[in-house]
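Here is my notebook from an afternoon of looking things up.

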Amino acid sequence: MYLSGLDLNLVLSLRALLEERNVTRAGQRIGLSQPAMSAALARLRRHFDDELLSRVGGQYELTALGRALLDRTATACDLLERVFSSRAEFVPGSEEHEFTLLSSDYAVAVFGAELARTVHAEAPGVRLRFQRPPTDVTEETAALLSTADGLLMPHGVISGFPTVELFTDGWAFLVAETNDEVGDRLTMDDLARLPWVTYQRTYDAPAARQLSMLGIEPRVEVSVDSFQVLPFLVAGTRRIALVQQRLAEQLRGVAAVRVMAAPYEVVPLQEALWWHPVHTHDAAHMWLRETAARVGAELSAPASGPRAASKA
């Protein structure tokens with residue numbers, strides 16, 4: 001009922017005003033004259049029954065409601081842009097399009113590179129942009145998905161959004177070649193007494209929860225936000241690190257580390273592509289999902305399990 005009587009152009013005006021905090025600059029940003037932007041501000045103030053911008057000295061500052069609306073308005077504008085840019089048809093061989101995928105460096109290395117090769121071969125005018133998700137991805141999933149085409153994330157971290165399955169992976173441990181405290185096999189005692197390097201975000205949470213259930217609380221000495229630097233922080237030290245099996249195989253030889261099997265039955269990782277429901281019937285996004293599923297299927301043959309891992 002509210003939307004039926006609301007001029008959606010005001011959403012653009014609201015975003016410009018909140019971000020610029022200046023009527024003239026906001027008008028220039030969206031192509032409105034200063035009188036027209038002043039009129040839009042007056043309408044917005046009546047709608048919200050709030051000043052939104054209040055003059056303090058020689059400049060404007062956001063009111064409490066203005067600050068609350070700042071992020072919401074940006075998200076709403078991004079979502080509206082995606083709604084109105086939806087396509088009924090998508091011809092990959094002749095389209096110019098860009099897809100933004102939120103992803104850890106692990107998913108880019110293991111899956112994204114294969115996806116990019118396939119996209120290049122089948123849709124040369126399509127661009128892929130991979131961005132690392134912020135640390136609050138689990139709390140702000142809906143807002144993040146409204147500004148991107150998808151999120152590459154394993155099950156067990158988020159839920160409640162449409163998803164397509166991609167591939168499975170296992171887990172292995174990295175141990176320095178010079179670490180003579182570890183024999184040919186890791187033990188549970190090794191995991192408990194040796195210092196760790198860990199990935200500092202939440203994407204390996206299911207693996208961490210499994211360790212906790214087994215009574216292992218890693219003694220974290222170093223934490224990083226990149227899976228691919230783990231070998232360099234293990235090499236030449238007593239540290240160990242838990243890493244996805246497929247990535248571990250890719251990283252063999254980049255540092256003086258051994259890839260070793262876990263001393264327990266690891267729960268496999270199921271990687272998936274998650275998206276906002278607004279994309280479900282968009283032809284371009286449907287093509288992206290179908291392509292991602294096909295690439296994932298090509299990767300889905302079980303990787304050599306951690307228990308088959310040997311010295312690098």
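I began with cover: I call a residue buried under 20% relative accessible area, exposed over 50%, and partly exposed in between (1.4 Å probe, protein chains only). The model is predicted, so I noted that local features need pLDDT of at least 70 and side-chain atom pairs count only at pLDDT 80 or more, while totals for chains, interfaces and linings use all residues. Residues are numbered from 1 along each chain as its sequence is written, and side-chain values use heavy atoms, with hydrogens and water left out.

**Entry: a loop-to-loop salt bridge**

I looked up Glu-181 and found it partly exposed, at 31% relative accessibility. Arg-238 is partly exposed too, at 39%. The two form a salt bridge, with their closest N and O atoms 2.5 Å apart; the term means a side-chain nitrogen of Lys or Arg within 4 Å of a carboxyl oxygen of Asp or Glu. This pair links distant parts of the chain, 57 residues apart: Arg-238 is in the loop between α9 (230-234) and β10 (240-244), and Glu-181 is in the loop between β7 (171-176) and α7 (188-193). For these names, helices (H or I, at least four residues) and strands (E, at least two) are DSSP runs, numbered from the N terminus.

**Entry: other salt bridges**

How many salt bridges does the rule give? I noted a count of 17. One of them joins the side chains of Glu-98 and Arg-127 at 3.4 Å, N to O. Glu-98 belongs to strand β3 and Arg-127 to strand β4 (residues 126-131), so this pair also links distant parts of the chain, 29 residues apart. Another salt bridge, at 2.6 Å, joins Arg-117 and Glu-114. Both sit in helix α5 (residues 105-122), three residues apart, about one turn of the helix.

**Entry: helix α2**

Which residues of α2 (residues 23-30) are buried? I found Val-23, Ala-26 and Gly-27. They lie on the same side of α2 because they cover an arc of only 100° around the axis, taken from the directions from the helix axis to the C-beta atoms. Their cover includes α1 (9-20) and α3 (34-48). At the start of α2, a side-chain oxygen of Asn-22 comes to within 3.0 Å of the backbone nitrogen of Thr-24. Just after α2, I noted a positive phi of about 80° at Gly-31.

Is Thr-100 buried or exposed? Thr-100 counts as buried, at 5% relative accessibility, and lies in strand β3 (residues 97-102). Leaving aside neighbours within four places in sequence, Thr-100 has contacts (heavy atoms within 4.5 Å) that include Arg-129 and Asp-149.

Tyr-60, in strand β2 (residues 59-62), is partly exposed at 24% relative accessible area. Not counting residues up to four places away in sequence, Tyr-60 touches Arg-21, Arg-45, Leu-53, Ser-54 and Arg-55. The C-alpha atoms of Tyr-60 and Arg-21 are 5.8 Å apart, though 39 residues separate them along the chain.

Technical notes:
A polar contact is a pair of N or O atoms within 3.5 Å; within protein, one must be able to donate a hydrogen and the other to accept it, and residues adjacent in sequence count only if both atoms are side-chain atoms.
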